[in-house]
Amino acid sequence: MSTSPQTIEKDSGLLDRLSATFWRRPKLLLAIMLAPPLLWLGVIYIGSLFALLAQSFFSLDDFTGQVKYELTLRTYGELFRQSNIDIIIRTVTMAALVTIASAIVAFPIAYYAARYAKGRWKALFYLGAMLPLWSSYLVKIYAWKMILAKEGIISWAFDKVGLLWVLESYLALPVVGGTSLSISYTGTFLVFVYVWLPYMILPVQAALERVPGNVIEASYDLGGSPNQTFRHVIFPLALPGIIAGSIFTFSLTLGDYIIPGIIGSSRLFIGQAVYTQQGTAGNIPLAAAFSVVPIIIMAIYLWAAKKKGAFDAL
């Protein structure tokens, strides 16, 4: 079946007119290209958030166990029970400690990669930073559970050097200890730092790459000691990268429920509370209210991070 010359000319003319229209109105082309992803984002992501927010303004009938679809702040009032306050404080404290520890560990690694690693060594740095992200999330957690277990390699190493009593004394401490590292807040903390560390290293390294070498040399020429150069030159310029990395480590720790469920004590974090209230207890309004807590915390955190210019280092 052949196409007539008139049909070809008609199609060509239509394409030419469309091309000319898009050339004269580039914003129209941009709107057409962005419409599908924005529609997906608006319906699936933002729409689900609004649905979640709406659920939090309902309550659970204590007698029937059914959701009462009447607007109320009663569910938010339940968040102020001491047990729920403890969950929120526990989660935010862990997220803050993981963020601080990740920044301390990531900074020297990122500084070396930015200032000294060249060519093949820089490629190895990126490979080493990204490699942990390529393996399964659950495999890493269960591997750490075996490492931190009472019969794991850490206990074995302490025993071999005659320092098992030090580990046992530490585990005997109230809050941070437990029957083993795999059943303690210390174990939860170590796994959180390991899993989220790459998300801190890369933004810090990107920020340090932007620090001009002649600025550091000028600090030394003006008599600045290494400590003064770090405090007054390097650290302030790298701070946006640290804050950018902290957005990832803080938010990911804040909402994670798998790591505390596999490694750590039986005390709940926010993610576990949401899972428990939605799945086991069937209290969807309270689960929704718990979900709003990290959203509010991260909204405040992102506003403060933007003020510090953290998004420039993302």
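## Aromatic cluster and ring pairs

Ring pairs link F107, Y111, Y112, Y116, F230 and F235 into a cluster. Rings of Phe, Tyr and Trp (its six-membered ring) pair if their centres lie within 6.5 Å; planes under 30 degrees apart count as stacked, over 60 as edge-to-face and the rest as tilted. This is a predicted model, in which local features need pLDDT of at least 70 and side-chain atom pairs count only at pLDDT 80 or more, while totals for chains, interfaces and linings use all residues. Residues are numbered from 1 along each chain as its sequence is written, and side-chain values use heavy atoms, with hydrogens and water left out.

The structure holds 14 aromatic pairs. One of them joins Y137 and W196: the centres are 6.2 Å apart and the planes meet at 25°, so the pair is stacked. Y137 lies in helix 6 (residues 137-148) and W196 in helix 9 (residues 185-209), so this pair ties together parts 59 residues apart in sequence. Helices (H or I, at least four residues) are DSSP runs, numbered from the N terminus. Y137 counts as partly exposed at 23% relative accessibility, whereas W196 counts as buried at 7%. Buried means under 20% relative accessible area, exposed over 50%, partly exposed in between (1.4 Å probe, protein chains only).

W144 and Y194 form a further pair: their centres are 5.4 Å apart and their planes at 55°, so the pair is tilted. W144 belongs to helix 6 and Y194 to helix 9, so parts 50 residues apart in sequence are tied together. Y194 counts as partly exposed, at 31% relative accessibility.

Helix 9 bends by about 50° at W196, and the proline P198 follows within four residues. The bend at a residue is the angle between axes fitted to the seven residues ending there and the seven starting there. At 1.5 Å a residue, the 25 residues of helix 9 should span 36 Å; the end C-alpha atoms are 35 Å apart, which agrees. The expected span is 1.5 Å times one less than the number of residues. Helix 9 is mostly covered, with 18 of its 25 residues buried.

Helix 4 (residues 82-115) has a kink of about 30° at A106, shortly before the proline P108.

## Nonpolar cores

A nonpolar core is a set of buried Ala, Val, Leu, Ile, Met, Phe, Trp, Tyr and Cys residues joined through side-chain atoms within 4.5 Å. The largest has 19 residues; M94, V98, L148, V191, F192, I259 and I263 touch the most other members. Helix 4, helix 6, helix 8, helix 9 and helix 12 (258-262) each give two or more residues to this core. Helix 9 supplies the largest share, six residues. A second, separate core of 18 residues includes Y111, A114, M200 and L208.

## S182 and Y185

S182 sits in the loop between helix 8 (164-171) and helix 9. S182 counts as buried, at 5% relative accessibility. Leaving aside neighbours within four places in sequence, S182 is in contact (heavy atoms within 4.5 Å) with K145, L148, A149, I262, I263 and G264.

Y185 lies in helix 9 and is buried, with a relative accessible area of 14%. Beyond residues up to four places away in sequence, Y185 touches R90, M94, V175, V176, S265, R267 and F269. The side chains of Y185 and R90 make a polar contact (3.1 Å). A polar contact is a pair of N or O atoms within 3.5 Å; within protein, one must be able to donate a hydrogen and the other to accept it, and residues adjacent in sequence count only if both atoms are side-chain atoms.
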